[in-house]
Amino acid sequence: MIKSSVSNCPVPTEQQPLNEYEELKSSWLFSDCTLNWRDYITKIAWIWGLSCVLAAPVAAASFTPHKYTLQFVLSGAAGGSIGVVLILLRLYLGWSYVRDRLASPIIFYEESGWYDGQTWTKPLEVLNRDRLIVTYEIKPIIKRLQITFAGLAVSFVVGTIVWHLV
């Protein structure tokens, strides 16, 4: 954790937005969003592949693989995409939460429990630093996740069109 650069910051260390960002950036799942595009897509493909393995028995029960091969493949791929969507949604919500905490001029925090919430107004230097992090570090990650969601939506549309043509 990074020690606060503001000497009179009342926010507990683990609740300071910069530390929340550093913790998220270094966690195993969330750090995948910071990889280069090729490695990021590879991780998403692995998640999709593992999800397809879990979805395949359901697809096989619905469409006999040797009789309805294309329907089996399409339904298995769609079922596998559910795991990807859930992971991407978790990533998006986590990064959005940290983005909002960094960009906000006022921070809500808890001193010792849920019943004693307080607020702290960031000094201008801290607010500017945090907003720079949002602009140059977090916004590209959010954009990447949005592009991934759009790619999944396109694949669902293509799959639906192919399904209706069969």
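Trainee: By class, how many nonpolar, polar and charged residues are in the lining of the largest pocket?

Mentor: This is a predicted model, so read what follows as a description of a prediction. The largest pocket has a volume of about 220 Å³, and 14 residues line it. By class, its lining has 7 nonpolar, 7 polar and no charged residues.

Trainee: Which residues that line the largest pocket are the closest to its centre?

Mentor: The lining draws at least two residues from each of α3 and α4. Of the 14 lining residues, the closest to the centre are Ala-77, Ala-78, Ser-155, Phe-156 and Gly-159.

Trainee: Which helix gives the largest share of the lining of the largest pocket?

Mentor: Both α3 and α4 supply at least two lining residues. The largest share is 8 residues, and these come from α4.

Trainee: Are α3 and α4 roughly parallel or roughly antiparallel?

Mentor: Two packed helices are described by the angle between their axes and the distance between the axes. The axes of α3 and α4, the helix of residues 124–165, come within 9 Å and cross at roughly 165°. An angle over 145 degrees counts as roughly antiparallel, so α3 and α4 are roughly antiparallel.

Trainee: How many nonpolar residues does the contact of α3 with α4 have?

Mentor: The crossing of α3 and α4 is left-handed. By class, their contact has 7 polar residues and 3 charged ones, and its nonpolar residues number 25.

Trainee: Is the crossing of α1 and α3 left-handed or right-handed?

Mentor: Helix α1 covers residues 17–26 and α3 covers residues 69–103; their axes come within 9 Å and cross at roughly 155°. That angle makes α1 roughly antiparallel to α3. The crossing of α1 and α3 is left-handed.

Trainee: How many charged residues are in the contact of α1 with α3?

Mentor: On the α1 side, the residues that meet α3 are Pro-17, Leu-18, Glu-20, Tyr-21, Leu-24 and Lys-25. On the α3 side they are Gly-94, Trp-95, Tyr-97, Val-98, Arg-101 and Leu-102. The residues of this contact divide into 8 nonpolar and 1 polar, and the charged ones number 3.

Methods:
Residues numbered from 1 in each chain as written. Predicted model: local features only at pLDDT ≥ 70, side-chain atom pairs only at ≥ 80, totals over all residues. Heavy atoms only, no water. Axes fitted to C-alpha atoms, helices over the stretch in contact; angles between N-to-C directions. Helix = DSSP H or I, 4+ residues; strand = E, 2+ residues; numbered from the N terminus. Parallel < 35°, antiparallel > 145°, perpendicular 65-115°, else oblique. Left-handed = near helix turned anticlockwise from the far one by under 90°. Contact = heavy atoms within 4.5 Å. Nonpolar A, V, L, I, M, F, W, Y, C, P; charged D, E, K, R; others polar. 1 Å grid on protein atoms, 1.4 Å probe; cavity = no way out; pocket = protein on both sides within 12 Å on 5 of 7 lines; lining within 4 Å. Points joined across faces, edges and corners; volume = space filled by probe spheres on them.
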